[in-house]
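Reader: I have the sequence and the model open. Can we go through it piece by piece?

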Amino acid sequence: MPRKRRIALIAHDQKKDDLVAFAVKHRTFLNACDLVATGTTGGRIAEACPGLDILRLKSGPLGGDQQIGALIAEREVDLVIFFVDPLTAMPHDVDVKALMRLAIVYDVPMALNEKTAQILVRNLDEAGAGWKDSNEGA
Ligand SMILES: O=C(CO)COP(=O)(O)O
């Protein structure tokens, strides 16, 4: 049986409220997916959406972005939703860049802001299971 789509959810601190609101809004869709998140982001979403099953990795600055990058390299991630804060310097900026680089290398769709996330989620929702299949083997 094909695995469910796996979505990686990440938000910088100043964007966490926005991603939590996004998750609440798209909860039914997310519930049908496998979810993986960096530590604090995953905790915040789990708190706001009890019952949503989220695999929580390490916090971003402690290696969480790299863990998600490794999953991308293993072709275990179908979509990255990463609400980035472009106005704050991050001590782990190199990890953030590495994660983005791997999403580009492996041609994984990646939303870096809310509007893009909305478009991708709507597209996935409408495409049903066919969306992932059409991206397999690429
Ligand atoms: O720092 C992050 C992404 O770079 C997010 O990590 P947290 O979800 O643990 O805050």
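Reader: Where is T40?

Author: T40 sits in helix α3. Helices here are DSSP runs of H or I with at least four residues, strands are runs of E with at least two, and both are numbered from the N terminus. This is a predicted model, where local features need pLDDT of at least 70 and side-chain atom pairs count only at pLDDT 80 or more, while totals for chains, interfaces and linings use all residues. Residues are numbered from 1 along each chain as its sequence is written.

Reader: Is T40 buried or exposed?

Author: T40 counts as buried because it has 20 C-beta neighbours inside 10 Å. The cut-offs are 20 or more other C-beta atoms within 10 Å for buried, 12 or fewer for exposed, and partly exposed in between, with C-beta atoms placed from the backbone.

Reader: Which residues come nearest to the ligand?

Author: Of the 13 residues around the ligand, the nearest are T38, T40, T41, S59 and G60. A residue is near if its C-beta atom, placed from the backbone, lies within 6 Å of the molecule.

Reader: Which helix gives the most to that shell?

Author: That is α3, with 3 residues. Both α3 and α4 (64-73) supply at least two residues each.

Reader: How many of the shell residues are polar?

Author: The shell has 9 polar residues, 3 nonpolar and 1 charged. Nonpolar means Ala, Val, Leu, Ile, Met, Phe, Trp, Tyr, Cys and Pro, charged means Asp, Glu, Lys and Arg, and the others, Gly among them, are polar.

Reader: What does UniProt list as "binding site"?

Author: The unreviewed UniProt entry lists H12, K16, T38, G39, T40, T41, S59, G60 and H92. Such annotations may be inferred rather than shown by experiment, and the positions follow the numbering used here, with feature names shortened.

Reader: Where is H12, and what does H12 touch?

Author: H12 is in the loop between β1 and α1. Leaving out residues up to four places away in sequence, H12 touches F83, V84, D85 and T88. Contact means C-beta atoms, placed from the backbone, within 7 Å. H12 counts as buried, with 20 C-beta neighbours inside 10 Å.

Reader: New topic. Which residues of α1 are buried?

Author: In α1 (residues 16-25) they are L19, V20, F22 and A23. They lie on the same side of α1 because they cover an arc of only 160° around the axis. The arc is taken from the directions from the helix axis to the C-beta atoms.

Reader: And the other side?

Author: A21 and K25 are exposed there.

Reader: What do the buried ones pack against?

Author: The buried residues of α1 pack against β1 (6-11), α2 (27-31), α3 (39-48), β4 (79-83) and α6 (114-127).

Reader: Which members of the largest nonpolar core touch the most others?

Author: Of its 33 residues, those are A8, L9, A37, I68, V80 and I81. Such a core is a set of buried Ala, Val, Leu, Ile, Met, Phe, Trp, Tyr and Cys residues joined through C-beta atoms within 7 Å. Elements giving two or more residues to this core include β1, α1, β2 (34-37) and α5 (93-105).

Reader: What does I68 touch?

Author: Not counting residues up to four places away in sequence, I68 touches A8, I10, V36, T38, L57, V77 and L99.

Methods:
Two residues are in contact if their C-beta atoms, placed from the backbone, lie within 7 Å.
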